[in-house]
Amino acid sequence: MFPRIVKVRKKNKRYQYLVISESVRVNGKSTTRNIANLGNVEKIPANQVAHLIDGLIRLFKLESHASSEGIEILESLEYGSIIFWQKLWNTMALSQIISQAMAQQAPHVALEVEKYIQIMVVNRCVDPLSKLGATRWVDRTCFKRMKGFVDLSLDVNHFYRSMDYLLRAKEQIEWALFEQLRNLFSVEVKLTFYDITSSYFYTENCPIGANGYSRDSRPDLEQIVIGVVTSFEGYPIKHYVFEGNTKDETTVAQVVTELKAVYHIEETTFVGDRGMITRLNVRNIEAEGFDYIMGVKHRQEAICQMLLASEELLASGFVSHRDLQIQERRVAIKEFLLWKTNALLAQQGIEPGAEALGELTAKIQALRNEDAVQYSDFKPTLQALVGPKNAKLAYRLFVLIKKYARRYEQCPRYVICLNPERKQFAEKNRDRQLSNLAAALEKWTPTEEQTPVEIEQGLNKIFVGYKAKYRKFFDIQRDPDSEKAIGYRLNEQQVAQEKLRDGIFILQTNREDLPAGKVVDSYKDLKEVEALFDDLKHFVDLQPIRHWLTRRVRAHVFLCILALLLKRIFEINYLGGKATLQPLEEISKSKLVIYKVRFSEREDRTQIIPKITTPNPLQKKYFNMVGIKNPSSLAT
């Protein structure tokens, strides 16, 4: 439909009429048909044309067709990212879950907690800010024009109070989300992963803040420790916040207990990193009926020292598995006790008699798991083994035997893994460090005037900081009379022993049905938790923690975990594990533009009109992927 001028000849005179026409097809041919005649053009004064146009605009509500000269852009609001994360939020029914939890935990609270939590979680996904910063950020987003949020008070105290209520309902909300994940995405809980990280403060006022082992290389700052349990796919299903000086292994008992008692997970394989495994933890895990695959600190675990003591063992028996060389080993506890006993005797330079050693061997081989060993039962045998002057060593050997009570008949399964690339790197790095230290020791020349204390101080300066771990590779030569350090010698035997351990990591498991390769693969899948920790610190910006009240710190971590849950849902369920950077950048380009239109120069008549930028094909793809069919609709 379009306007046009039609010229007509009547009695030798030409007339021009303003008509509205449309294109039609008649008998297969295109032609035009007049719909309305607006009159003789010559009888329409030029100054009345503007009135005619204004009338048509009002009559047919054509305000959006105003000319560009009358348009003033007022603001451009964040839109695509907001509706995108809101869609994932709605997919998990988070508003309903939080509302139901509030109805039970705080039924008389009028505060719309779910809306404030939604704003804070989406903020962490889009542009992580402090809670005060988030109140200002809302004014730059389409939240300010969305139904349900238009009249929402942005008083920062409402945000803080919402965090407090969120934390009160943490257990209930986490459980409901776990159920939602199982219903929507059929999450696999036959394999659950657990790991911990730390996050530091710039304050010393938080009651749960403490100095501890820092994963951020900031031991000078107080921190908290965060533990996260994830499903096999990588969805976070439960998290914990511990005091900053909490050790890895002390957190495991609570986790495995709650997985069964609260989450009703009756069968799973608990996968944990090195540092998680202790005799107590293994006992707790097995007591709950769970299997486990856990990394072992092989430099500290005595049984692993036995595995790595044989050069012939490590020289053969490996099979290739992906980028690793692996071999499976089983160690009978009784054999280990005899090996460790002989090793301790050798350290003390004691050669045991065959009769005494045979008697001890027989007593150890006769042990059963249910036996409650007493020192009086072993004392005569051990004293005969070590001699009358080594009573302390005899008792030390008994403590070793008692340490493995209730495990005497066990034969733990280990998988030794060798990474050739890491082995080569470790050897080169150690050789370089030893060469540098040897050069420093060459320059270090003690003088006769120096006291023994001064000499030791000079020696300690060479092995200061991280270099201290290399001191074991040097034998310091001393004067036999004064005991002064007078030189050094490289301990080649110690270096050779260390080479056996380069590139090695060891796994322990009670899964008998999994081939060694599957055990290794399951452990390496723990990287999903490590990737989640990376996102925790760099995607949702957990740090810096701007709170100091314990409840606010815990609630802040909970907000970050909820944001990561939404990211994982998009990453795993919609992208198939692919990176999210490019899709998220693309949808962030979608904006809600607010502009003012003036429709008449003669009349002060304007209208505020919202308009969403036209999505390109790639944006449509990502919006449609999560179920947003029409991203240009404000009602999406």
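Mentor: Start with a definition: the expected span of a helix is 1.5 Å times one less than its number of residues. Keep in mind that this is a predicted model.

Trainee: OK. How many residues does α16 have, and what does it span?
Mentor: Helix α16 runs over residues 420–443, which is 24 residues. From first C-alpha to last it reaches 35 Å, close to the expected 34 Å.

Trainee: What caps its N-terminal end?
Mentor: N419 does, with a side-chain oxygen 3.1 Å from the backbone nitrogen of E421.

Trainee: Which residues in α16 are buried?
Mentor: R430, Q433, L434, L437, A438 and L441. As background, an α-helix has 3.6 residues a turn, so residues three or four places apart point the same way.

Trainee: And how do α16 and α18 pack?
Mentor: The angle between α16 and α18 (residues 492–501) is about 155 degrees, and their axes are 9 Å apart. Angles over 145 degrees count as roughly antiparallel, so that is what α16 is relative to α18.

Trainee: Is the crossing left-handed or right-handed?
Mentor: The crossing of α16 and α18 is right-handed.

Trainee: Which residues meet there?
Mentor: From α16, K423, E427, R430 and L434; from α18, V495, E498 and K499. R430 and L434 are also among the buried residues of α16.

Trainee: Switching to loops. Where is N510?
Mentor: N510 sits in the loop between β15 (504–509) and α19 (516–524).

Trainee: Buried or exposed?
Mentor: Buried, at 19% relative accessibility; the cut-off for buried is under 20%.

Trainee: What does N510 touch?
Mentor: Leaving aside residues up to four places away in sequence, N510 touches E286, F290, D291 and Y292. For Y292, the backbone nitrogen lies 2.8 Å from a polar atom of the N510 side chain.

Trainee: What about A210, where is that and what does it touch?
Mentor: A210 is in the loop between β5 (191–200) and β6 (223–230). A210 is buried, with a relative accessible area of 14%. Beyond four places in sequence, its contacts are E222, Q223, G244 and N245.

Trainee: Where are they?
Mentor: S186 is in the loop between α7 (170–185) and β5, and is exposed at 54% relative accessible area. R322 is in the loop between β10 (319–321) and β11 (324–330), and counts as exposed at 70%.

Conventions:
Residues numbered from 1 in each chain as written. Predicted model: local features only at pLDDT ≥ 70, side-chain atom pairs only at ≥ 80, totals over all residues. Heavy atoms only, no water. Helix = DSSP H or I, 4+ residues; strand = E, 2+ residues; numbered from the N terminus. Buried < 20%, exposed > 50% of the residue type's maximum accessible area, 1.4 Å probe, protein only. Polar contact = N/O pair within 3.5 Å; in protein donor to acceptor, adjacent residues only side chain to side chain. Axes fitted to C-alpha atoms, helices over the stretch in contact; angles between N-to-C directions. Parallel < 35°, antiparallel > 145°, perpendicular 65-115°, else oblique. Left-handed = near helix turned anticlockwise from the far one by under 90°. Contact = heavy atoms within 4.5 Å.
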